[in-house]
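Here is a short report on a two-chain model. Look at the structure first, then read on.

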Amino acid sequence: MDRRTFVKAGCIGSASLLIQGLDPMMRADSVPAMPSVELHGLPDYKPSPFGMPGLFPGRVIEVRDQNAIVRNRVSQPIVRRMLEQAMKDLTGESSVQGAWAKFIDPKDVVGIKINPSGAPACCSSPEVIREIITAVRSVGVPVQNILVYDRYSYEIDIGSYQVLLPAGIRIVGIQDAFTSAGAGYEPNVYCDGNFFGEWETRSYMASIVVHDVTKIINVPTMKDHSASGVTGALKNLAYGSFNNVARTHRAPHSFTNPLIGMMCNVEPLRSKAVLHIMDGMRQVWHGGPLTQVQEFIEQSGILLVATDPVAMDTIELEAIEKKRGERGAPSLWQHDPASITPDSNVFFHDASKNLFFRQPGHVAAAGKLGLGVADLKQIDHHVL
Amino acid sequence: MFSDPEMTTQTAKDKSSRDWPTLLGDNARIGGQGLRPVHAPEKAVWQFRMGSAVRSAPVLYDGMLYVASVNGVLHAIDVTVGTSKWKFEAAGPVHSTPSLFENAILFGCDDGKVYAIDRHLGKKLWEAPSQSEVWSSPVVRNGVVFFGSADGKVYAVDAENGHPRWSQELGGRIYGTIYAAEHQLYLGCGDGKIYSLESATGKVLWSTPTGNGIDSSPAVTENLVLIGSEDFFVYALSVGTGEVRWKYETGLGIASSPAVSGDFAAIGSKDGLLYAFDLQTGKLRWKTMVGEVVTASPAIGDGSVCIQAGATFALDIASGKVLWRADLGGSIQSVPVLAGDTIYLASLSGEIYALR
C-alpha cells in the first residue's frame, strides 16, 4: 500500500479503494471508449507569448553532477551552480539575472508548482526550490509575491516545505484531501468528461492559478507513473492544478492520455506556465509517483530546464525507459495483461508489475496540441 | 481571571492521571511516563467527526478533550459522551496543538494569531498577533506565553491578557514548539539551528547549527536538549552550551519530536522507523518499522511507546516489538492521548476516537 493510500486508509477505511481507483463494483474487462471532454478556459483570456511551449520550443538543457546528491542529501551550492549554468545556456544570456529576467518581471506574482506527492523519498527538493526563490527575488519580485503550491496540504506538510523555505513565501496546499474538495477551485474554469461513470464529471482549475499568479515555474520530479507512464512537467502541471483527477484512471485503464495535455492547454494555465525545471536529483524508475522504496530510486544528480514541457518530458521518458531496461523492468509502453496486479503492495515491490496499462503516449499527444516538441530528433537536447 | 495552576508547567506526576493538558502530556514532553498503562483497546467508546482534517494533537483536561481542526474550529468534547460542549471558530486554519493555562485554552492560527479561549465557555479571552502563521503550540511558563511563528520570530506575551513582552527574530521559519525551562527557552528553527534564548528578554544565549531546517520540537532533561533535524540526525546538546554531546543518523529527515522517560528517548524518522536511545549516550536501544513515513511524535506509556503513523501502534518499551496495532488514527503530527483506561486519537481525516 502506498503512503498516500496508507495515510488515507488509516483515516477513511474503504473509501481509499475508490480513491485508488479500485472500485470493486467497476470491473473493467475491456478497454473503455474515450468519452467526449469539454474544456472551459477563462473566457476572453488573451494567450501570452510566454505560454507553452514558451520562448524556446524544443530546447532542453540538462546538467549533471554526481556530487549534487550524496547519501540522499542534496547539495545547495552545487544545485545553485547547476541551475545558473542551465538558465544561462537555455536563454543565451551572459548573466544569471538576465536569464531569469527573460521570464519574470518584478511585478509578477510567481507561483512555484512543486511536486510533493512522493515525499519524503522523492519530491521537489527544497534545495532546488530555495534556489528558484532566490533567483526570482533577484529579478525584483518581492517575497510576498512568491507562492509555492500544490494540491494537497498534507503532502506539503510531510515534505516539511513550510519550515525549509524562506520566511515570507506563501505556501499553499489547495485542499486538505479529505474535505471541501470544491473550495480553492474556480467554478468557471473546468474540464468536463465522464470517464467511468463517476458522479462528479468535472475537474476545476485552482483559483490561485486562475486569479492569483501571473507566472508559473513548474518543478516536476523525474519519476515513472503507474497510470501515465511518467510524471513530468505536463502531469505535474495538469493534475496538480486541477482537482478531481484520480477519476481518470480506474484499474487497469487510464485516460491520462490525452487528458494531461488537454488540461495543460486550458487557459490561463497554458499561458502562465513559462518555465519548467525538472528536479532529477532522484530518479524513480518504478513505483512512481508515490513509492518510498529506495531500491527503485536512483540518486542521479540531474537538472533539466526548458520552456517546452513536451520536449522535457520526452527526454525524461527516454531516461526512465532506459533505466528500466538496464534494471530488467518491462518497458513503460508494455500493455501485457499478465503484468497487471490489483495489489498495490505487489506493485510497489515488483518492477515487473503495474496497476494500470501505462500511457506514456500522453507526452506525444500534448505535442499534437501544440504544447511542444515530442519528436526526439527535433529536440535540441543540450547536456552540460 | 485564572483559578487553576499553570498546567503546562507541571510534570505528569503532579497531574491527575487522566489529564493531558499539552503537547506530549506536559511541558517536559515525557509523554505520561509511569502513570498510564496502555492496554490494547478492545472497542471504540465513541467517535466524533470534526468535519475537517486534524493536523494537531488533542489535549485533555478535567474531562474535556480539546481538538482543533484545519478548518479553524476548536471543539471542546465531553469525553464521557463524545459530544461537543462548545466550539470556537478562529479566523483561519489551525495546525497548532492546543495547550492549557489555568482557565484558558491556547492555540496558534494561520491568521498569525495566538488565541486564548475560556475553556468553560468557549469565548475568546484575548489574542496575540504575529506576522505569519503559528503552527507551534503555545507554551506557558511563569505567567508568560511563548510561541514561534512562520515569520521567523519568537514571541513572549503575557498569559493574562496577551500583551507583548518581547519578540526575537531568528533566521528562519519556526514551526516547532518551544520548550520553556525556568529561565531559558529551547527551540529549533527553519534556518537549521537549535537555539537557547533567555526567557526574560529573548536574548540568544547560544545556537548550534545542523545540516538542514528543523521541524521537530525539543525535549529537555536536566542536562540535555534532544531534537531531530531535517538533516536526518537526532541531536543531543548540552543544555548550558549547546555543544553536541551525541548525534545519531537516521535514514531520512526528522519532523517527529522526541519523547523522553528517564534514560529512555524515542523519536520517529521519515524513513518509517521509530528509534529508541539511551538518552545520555545516544546508544541505539532498538528501531522498529512502524510505517512508510513517520512524522508524528511518540508518547510513552507504562512499559510501552505509542505512535500514530498511518495506523496507531503500541511498542514494547524494552524491545521495540509491536504489542498491538489499531488500523485507525492515521496522522501526520497528532499524538495519542493516554488517559488511564482510555486512549484518545485524532486522525488526519478529522475523526476523533475514544478507545478502551
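Chain A and chain B bury about 2,700 Å² between them, 57% of it on carbon and sulfur atoms. Buried area here is the accessible area (1.4 Å probe) that two parts lose on being put together, summed over both. This is a predicted model, in which local features need pLDDT of at least 70, side-chain atom pairs count only at pLDDT 80 or more, and totals for chains, interfaces and linings use all residues. Residues are numbered from 1 along each chain as its sequence is written, chains are lettered from A and ligands numbered from 1 in the order in which they are written, and side-chain values use heavy atoms, leaving out hydrogens and water.

**The interface**

The contact (heavy atoms within 4.5 Å) takes 35 residues from chain A and 40 residues from chain B. Across this interface the rule finds 3 salt bridges. A salt bridge is a side-chain nitrogen of Lys or Arg within 4 Å of a carboxyl oxygen of Asp or Glu. One pair in a salt bridge is Arg71(A) with Glu249(B), at 2.9 Å from N to O.

On the chain A side, the elements that give two or more residues are α1 (3-12), α5 (126-139), α6 (153-158), α7 (161-164) and β7 (170-175). Helices (H or I, at least four residues) and strands (E, at least two) are DSSP runs, numbered from the N terminus. With 6 residues, α1(A) gives the most to this side.

**An enclosed strand in chain B**

Strand β31 (residues 342-346) of chain B has 5 of its 5 residues buried, so it is largely enclosed by the rest of the structure. Buried means under 20% relative accessible area, exposed over 50%, partly exposed in between (1.4 Å probe, protein chains only). Thr342(B), Tyr344(B) and Ala346(B) point one way from β31(B), while Ile343(B) and Leu345(B) point the other way.

Two strands pair if DSSP finds at least two bridges between them.

| Strands | Bridges |
|---|---|
| β30(B) (337-339) and β31(B) | 3 bridges |
| β31(B) and β32(B) (351-355) | 4 bridges |
| β14(B) and β15(B) (184-188) | 2 bridges |

Ala339(B) stands opposite Thr342(B). Tyr344(B) stands opposite Ala354(B). The hairpin of β30(B) and β31(B) has 2 residues between the strands, and Gly340(B) takes a positive phi near 65 degrees. In the hairpin of β31(B) and β32(B), 4 residues lie between the strands, and Gly350(B) takes a positive phi near 95 degrees.

**An open sheet**

Chain B also has an open sheet of 4 strands, in the order β14-β15-β16-β17, with antiparallel pairing. Its edge strands are β14(B) (179-180) and β17(B) (204-209), each pairing on one side only. Tyr179(B) stands opposite Tyr186(B) in β15(B).

**A buried threonine in chain A**

Thr91(A) lies in helix α3 (residues 76-91). At 9% relative accessibility, Thr91(A) counts as buried. Its side chain reaches the backbone oxygen of Met87(A) at 2.8 Å.

**Confidence**

The model scores ipTM 0.88 and pTM 0.90. Chain B has a mean pLDDT of 89; pLDDT is the predictor's confidence in each residue, from 0 to 100. Over residues 1-14 of chain B the pLDDT is below 50.

Terms used. A polar contact is a pair of N or O atoms within 3.5 Å; within protein, one must be able to donate a hydrogen and the other to accept it, and residues adjacent in sequence count only if both atoms are side-chain atoms.
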